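Have the sequence and the model open side by side.

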Amino acid sequence: MGGTEHLTVRRENATLVLTLNRPEAKNALSLPMLVGLYDGWVEADADDSVRSVVLTGAGGAFCAGMDLKALAGGGMEGEKYRPRLKADPDLHWKAMLRHHRPRKPVISAIEGYCVAGGTEIIQGTDIRVAGESATFGLFEVKRGLFPIGGSTVRLQRQIPRTHALEMLLTGRPYSAQEAAAIGLIGHVVPDGTALDKALEIAEQINACGPLAVEAVKASVYETAELTETEGLAAELKRGWPVFDTADAKEGTRAFAEKRPPVYKRA
């Protein structure tokens, strides 16, 4: 199991939990964190015993975005990871889910600050849970910067355009309640319980057929920008083979026998 000084990895049953672990900086993105994140996504995809991923932050915060001190020329921690970035100049974008989509479902468990790069990362996740005191926002324009983690493309596809533009152009903070009202997150829970709720959702996913889950996720993203006719054709191509798997047969048999299914990804 991987991890770095700024990114911890642990297993919770069939769920891989990735924790942004730089609480003294509200989990601002660092090179060790980005390398750890990328390795975590790769590990989740490569390990068939992993059925879901939860992304969270340590110390009561999710992520306060990029380390602006480093961006201003103050240097970035973790120089020993610099060769990784040189070998794969796209690594940081893959880590932030801009240029990589894990095949397993990813759930964000958000407490405290989830702003700038934090709000950008969660747009690459599938299900989002936040503590009631969480704060969201894309602050880049207030600092003369551009939210280049994908928000000018993704946000308008995930929430109504008027809300997306207001968030992008004002750079103001949003409460968890407001973020839920505009559709950026799905659940608001008492502070300190976002991870518990995320793991609860993960367990519900883990109990389902893994081949079906992965095919459903892939179909949703593949068909998002297609016409209905094109989307239905793509869905059929993606979904029909699932019915011929051993897992599908096990699922229907278990239902008839009124017992929990035992899936083997076959």
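In the charge count used here, Lys and Arg are positive and Asp and Glu are negative, while His and the chain ends are left out. On that basis the protein carries 32 positive and 34 negative side chains. The centres of these two sets lie 2 Å apart. Bear in mind that this is a predicted model.

Now take the overall build. The protein has twelve helices and nine strands. Its C-alpha atoms fill a box of roughly 60 × 40 × 40 Å along the principal axes. How does the radius of gyration agree with that of a compact globule? For 266 residues, a compact globule would have a value near 18 Å. The protein has 19 Å, so the two agree.

Look at the contacts next. Take those between residues at least 6 apart in sequence: 67% of them join residues at least 24 apart. Buried residues make up 48% of the 266. The protein exposes about 12900 Å². Carbon and sulfur atoms supply 57% of that area.

Asn27 lies in the loop between strand S2 (15-20) and H1. Asn27 is not a glycine, yet its phi is positive, at about 60 degrees. Is Asn27 buried or exposed? Its relative accessible area is 0%, so Asn27 is buried.

Ala116 sits in the loop between strand S5 (113-115) and helix H5 (117-122). Its phi is near 50 degrees, again a positive value in a residue other than glycine. Ala116 has a relative accessible area of 12%. Buried means under 20%, so Ala116 counts as buried.

Finish towards the end of the chain. Where is Pro260? It is in the segment after helix H12 (246-257). Pro260 is exposed, because its relative accessible area is 65% and the cut-off for exposed is over 50%. Leaving aside residues up to four places away in sequence, Pro260 touches Glu250 and Ala254. Now compare Pro260 with Ala207. The two are 53 residues apart in sequence. In space, their C-alpha atoms are 8.4 Å apart.

How values were computed:
Residues numbered from 1 in each chain as written. Predicted model: local features only at pLDDT ≥ 70, side-chain atom pairs only at ≥ 80, totals over all residues. Heavy atoms only, no water. Helix = DSSP H or I, 4+ residues; strand = E, 2+ residues; numbered from the N terminus. Rg over C-alpha atoms; globule rule 2.2 N^0.38 Å. Buried < 20%, exposed > 50% of the residue type's maximum accessible area, 1.4 Å probe, protein only. Contact = heavy atoms within 4.5 Å. Areas by Shrake-Rupley, 256 points an atom, 1.4 Å probe, with all protein chains shown as cover. Charge placed at Lys NZ, Arg CZ, Asp CG, Glu CD.
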